[in-house]
Amino acid sequence: MKQFLSFVTKEFYHIWRDKRTMFILLGMPIVQIIIFGFALTNEVKNATIAVLDHSKDAATTSLSAQLNASQYFDIGRNLFSYREIEDEFKKGRIKLAIVFPQHFNEDLLHFNKAQVQIIADAADPNTADQLTNYATSIIHDYQNRITDERKLPYTINTEMRMLYNPQLKGAFNFVPGVMAMVLLLVCTMMTAITIVKEKEMGTLEILLVSPMRPQLVVLAKAVPYLLLSVINITSILLLSVFVLEVPINGNLFLLVFESILFTLVSLSLGLLISSGAESQQTAMFISLVALFLPTVMLSGFMFPVENMPLPLRIVSNIVPAKWYYSIVKSVMIKGVGLEVIWKETLILAGMMIFFLTMAIKRFKIRLA
Amino acid sequence: MPRKHEKARIYCRIELHNDEGCDARDDDESTVADNKIKITGQMNAVVVENIIKTYGKKKEAVALSDISFSVSQGELFGIIGPDGAGKTSLFRILTTLLLADSGRATVEGFDVVKDYKIIRNRVGYMPGKFSLYPDLSVEENLDFFATIFNTTIKDNYDLIKDIYAQIEPFKDRKAGKLSGGMKQKLALSCALIHRPSVLFLDEPTTGVDAVSRKEFWEMLKRLKDQGLTILVSTPYMDEAGLCDRVALIQAGRILSIDTPQGVVKGFSKPLWAVKSDRMLSLLHELRQKDFVENVYPFGEFHHVVIKEERGEGQLRQVIEGRKSENAVGGMVQPDIEDCFIALMKN
Amino acid sequence: MSDDKVITANNLTKKFGDFTAVDHISFDVHRGEIFGFLGANGAGKTTAMRMLCGLSLPTSGEATVGGYDVYRENEKIKKSIGYMSQKFSLYEDLTVKENMEFYGGIYHMTDKYIKEKTATILRQLHMEKERNLLVRSLPLGWKQKLAFSVALFHQPGIVFLDEPTGGVDPVTRREFWNMIYEAAANGTTLFVTTHYMDEAEYCNRVSIMVDGRIEALDTPPQLKHTYNASTMDEVFLMLARKAVRAAD
């Protein structure tokens with residue numbers, strides 16, 4: 001036991017004395033949360049658009065005013081000809097152009113239909129999609145208001161409710177994602193590096209030729225990073241609740257428990273990588289390419305897994321972060337309890353046992 | 001001609017008698033204390049038999065090629081050879097860190113393959129490049145290794161006292177900031193802290209200044225006097241003279257094993273040292289002479305290995321012929337390096 | 001400044017903050033000389049060499065190498081010297097031939113020259129069969145000899161050798177020094193550091209650095225006479241033991 005404690009103490013010294021790395025390990029989650037929470041967002045706001053109004057009547061003026069009033073659009077210019085539209089797009093000054101034909105209001109009143117042309121810059125299809133949707137919905141809104149006054153038959157009113165996240169805050173998506181990313185990065189990469197570092201320094205040789213059992217070496221290396229992860233989880237949750245106003249709707253202890261479970265999975269992965277890597281560079285590389293990248297892409301955090309082709313959906317099942325991400329969303333945002341997420345929890349627990357066993361088994365008791 | 005190497009004549013299987021009885025396989029919970037059984041009688045501390053080690057998928061690189069030797073208890077045994085000779089591979093096999101391709105080896109009677117756990121509890125090992133933790137202090141390093149070996153600095157302080165005393169004033173300094181000589185002393189202390197009976201030191205004097213090197217060997221002699229068996233590897237030929245016995249190793253083969261004096265005695269041909277004001281031309285001339293077996297620079301002089309006694313007269317003539325350039329020469333005793341060169345030539 | 005002096009140093013000093021690594025050293029090296037630059041680890045040898053190679057700017061003092069000033073003309077210095085160290089000489093994952101082509105290219109040699117010179121070197125070293133082998137697979141002694149030849153590839157007037165024979169077997173060491181002799185006989189000046197005191201004997205003159213200063217500079221026979229020693233080893237130990245820095 002004394003051996004184990006002495007080893008853990010030594011590991012803490014290493015981490016504590018490498019101030020630069022420690023700063024990154026503890027500061028990174030904070031920085032990420034803030035950046036994701038505030039600066040980065042999938043939502044488009046204040047997009048500059050242009051309006052080409054051939055009618056300039058009450059309806060078009062009213063509609064234009066509505067568009068401008070919305071938080072999504074900012075009417076940059078009123079254009080006077082088609083040619084100008086081309087020019088504005090090419091110069092990247094606008095992302096969307098609205099064209100009203102002549103006699104807009106008259107057509108609406110007398111023929112019960114009028115046309116509006118929406119031209120979007122689809123060089124960035126995602127943005128174009130969103131902007132056209134916003135524009136269309138604002139136009140429909142206007143349409144509904146004026147038809148209301150005329151009471152047409154067979155209208156279907158749709159009422160939308162956004163459950164769990166009525167304000168559609170992006171942060172609700174990002175916080176669980178950031179938690180998964182941070183824990184994975186810190187635990188996997190750092191544990192992988194720390195063992196390989198001993199190999200490179202030559203101290204592993206001395207440790208092997210000693211009574212210390214290899215399994216204890218492996219475990220002792222993991223303990224400090226477990227603690228570091230708990231600190232990270234705490235800071236992320238604190239920031240999310242108090243700064244980003246993302247609530248914790250579910251049981252806090254359950255959330256922490258699941259996070260620790262995921263941490264253990266990541267630690268085991270890191271230890272597994274280290275048994276195969278010969279240099280710190282290799283360890284880092286494997287951690288980043290084989291783990292981090294798939295996690296970002298296949299966990300459902302950035303891109304929905306449901307949209308992916310079948311082979312990738314199958315692969316995403318072995319990405320631990322996918323399960324953790326889904327668990328966190330469920331517990332934190334939806335507020336459910338263990339009875340719903342028991343399956344995912346079991347999967348994570350199984351992964352942990354598997355990786356840890358593999359890591360210990362593969363730990364080489366000799367140099368070659 | 002390589003001499004016949006001594007094979008282990010006495011090979012004892014140790015019977016350990018203590019209260020619990022000792023199962024060589026299941027040694028996990030044993031402490032150093034349990035293993036400190038008094039071993040009496042003539043006994044070889046290390047036995048190596050026909051060890052072969054290769055590297056590479058097709059086994060192209062031969063690191064050790066049929067190595068055999070033995071080391072008696074309490075011996076200071078030197079393994080002398082240049083880089084790439086196989087010294088580190090040999091040490092790693094003996095400390096159970098590498099598996100040989102074939103052959104056997106035992107340390108204090110325990111097999112390096114089957115009984116590796118026991119050996120790892122008993123030996124002290126100092127790998128090349130003094131593997132210490134650079135960001136831990138001197139004291140922290142020593143403390144750590146002591147605890148890993150289930151002991152404390154206090155328990156075995158007497159053993160490392162005169163070594164550690166020299167670096168104790170710096171005990172709070174980070175190991176990475178020590179000079180080469182001090183790192184060496186710290187690494188040695190860490191290897192001794194659990195009172196091993198056999199010490200393996202892999203190139204402990206490489207990269208260390210000349211003064212520290214001398215001091216280090218003096219420390220080793222004192223340790224030997226306390227009963228430790230010490231195996232040291234070094235590329236420095238002059239350090240061979242400080243050992244009880246040496247094995248000269250080159251390209252995976254043992255060229256000779258004997259006491260330093262014995263190796264020198266094995267040098268069968270007459271050896272002369274000559275010099276003049278025009279060393280280069282002297283060297284060229286001697287190379288052409290057929291009474292010369294070998295001639296090579298050796299510091300201030302050139303060493304000339306003469307084929308047979310008759311050649312001495314001919315050499316004298318050459319020296320006479322160069323009187324104008326202050327040529328002088330005379331017979332000298334060969335040293336280990338001369339022997340190494342001669343053995344390499346064969 | 002006489003034509004004959006290829007390296008001059010006058011009160012050359014290098015400080016790192018409060019620490020004076022090289023403390024006002026002065027010496028000259030003549031053309032074709034084999035100059036031994038000795039000192040314990042930490043005595044300041046490597047720092048001094050770096051300044052002479054144009055790799056590090058002195059804090060004060062003057063020095064010229066090949067007639068070029070170390071402050072203002074260090075790029076010219078680099079072009080006119082050769083350098084070889086124990087730690088790095090050739091790329092392990094390139095073949096013998098590729099290494100020579102690479103270094104020839106760096107020094108702006110013509111293709112024709114590179115081809116001829118490569119063939120010459122391989123012949124002299126008896127390594128024609130190994131021309132397409134990776135350097136990694138060569139024994140250490142061969143690597144060192146090859147590295148030395150590569151350092152001489154562009155026929156520099158001055159070559160700096162930083163512990164070129166470290167860890168090499170005794171026979172190869174001597175073959176190496178043979179190569180050094182031949183180079184010196186051809187007019188190349190060699191500036192060598194080494195830990196082997198017998199090699200100090202092969203030098204024309206030897207300087208011994210202790211604690212950043214040059215404590216002794218003379219021919220080996222003279223040094224032995226002055227210090228009443230029979231070998232350079234004894235001379236060195238006498239001086240090195242006085243060192244304050246080495247014990248720290």
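In the predicted model, Thr95(C) is buried, with a relative accessible area of 10%. Because residues under 20% are classed as buried, Thr95(C) falls within that class. This threonine lies in a loop of chain C, between strand S6 (81-85) and helix H3 (96-106). When residues up to four places away in sequence are set aside, Thr95(C) touches Arg131(C), Asn132(C), Leu133(C), Leu134(C) and Val135(C).

A contrasting case is provided by Leu219(A), which is located in helix H9 (residues 214-242) of chain A. Leu219(A) has a relative accessibility of 34% and counts as partly exposed.

Helix packing was examined next, beginning with chain A. Helix H10 (residues 252-276) and helix H14 (residues 338-362) of chain A have axes that come within 8 Å and cross at roughly 25°. This angle makes H10(A) roughly parallel to H14(A), since angles under 35 degrees are assigned to that category. The crossing of H10(A) past H14(A) is left-handed. Sorted by class, the residues in the contact of H10(A) with H14(A) comprise 19 nonpolar, 4 polar and 2 charged.

The axes of helix H4 (residues 138-148) and helix H6 (residues 180-192) of chain B come within 8 Å, and their crossing angle is roughly 20°. H4(B) is therefore roughly parallel to H6(B). In this pair, H4(B) passes H6(B) in a right-handed crossing. On the H4(B) side, Val138(B), Asn141(B), Leu142(B) and Phe145(B) take part, and they meet Leu186(B), Ser189(B) and Cys190(B) of H6(B). The contact of H4(B) with H6(B) is made up of 5 nonpolar and 2 polar residues, with no charged ones.

Chains B and A also form an interface, in which 31 residues of chain B are in contact with 25 residues of chain A. The size of an interface is often expressed as the accessible area lost when the parts come together. Chain B and chain A bury about 2,700 Å² between them, and 62% of this area is on carbon and sulfur atoms. Within chain B, the residues that lose the most area to chain A are Arg120(B), Tyr133(B) and Ile148(B), which together account for 22% of what that side buries.

How values were computed
Residues are numbered from 1 along each chain as its sequence is written. Chains are lettered from A and ligands numbered from 1 in the order in which they are written. This is a predicted model: local features need pLDDT of at least 70, side-chain atom pairs count only at pLDDT 80 or more; totals for chains, interfaces and linings use all residues. Side-chain values use heavy atoms; hydrogens and water are left out. Axes are lines fitted to C-alpha atoms, for helices over the stretch in contact, and angles run from 0 to 180 degrees between N-to-C directions. Helices (H or I, at least four residues) and strands (E, at least two) are DSSP runs, numbered from the N terminus. Angles under 35 degrees count as roughly parallel, over 145 as roughly antiparallel, 65 to 115 as roughly perpendicular and the rest as oblique. A crossing is left-handed if the near helix is turned anticlockwise from the far one by less than a right angle, and right-handed if clockwise. Ala, Val, Leu, Ile, Met, Phe, Trp, Tyr, Cys and Pro count as nonpolar, Asp, Glu, Lys and Arg as charged, and the others, Gly among them, as polar. Buried means under 20% relative accessible area, exposed over 50%, partly exposed in between (1.4 Å probe, protein chains only). Contact means heavy atoms within 4.5 Å. Buried area is the accessible area (1.4 Å probe) that two parts lose on being put together, summed over both.
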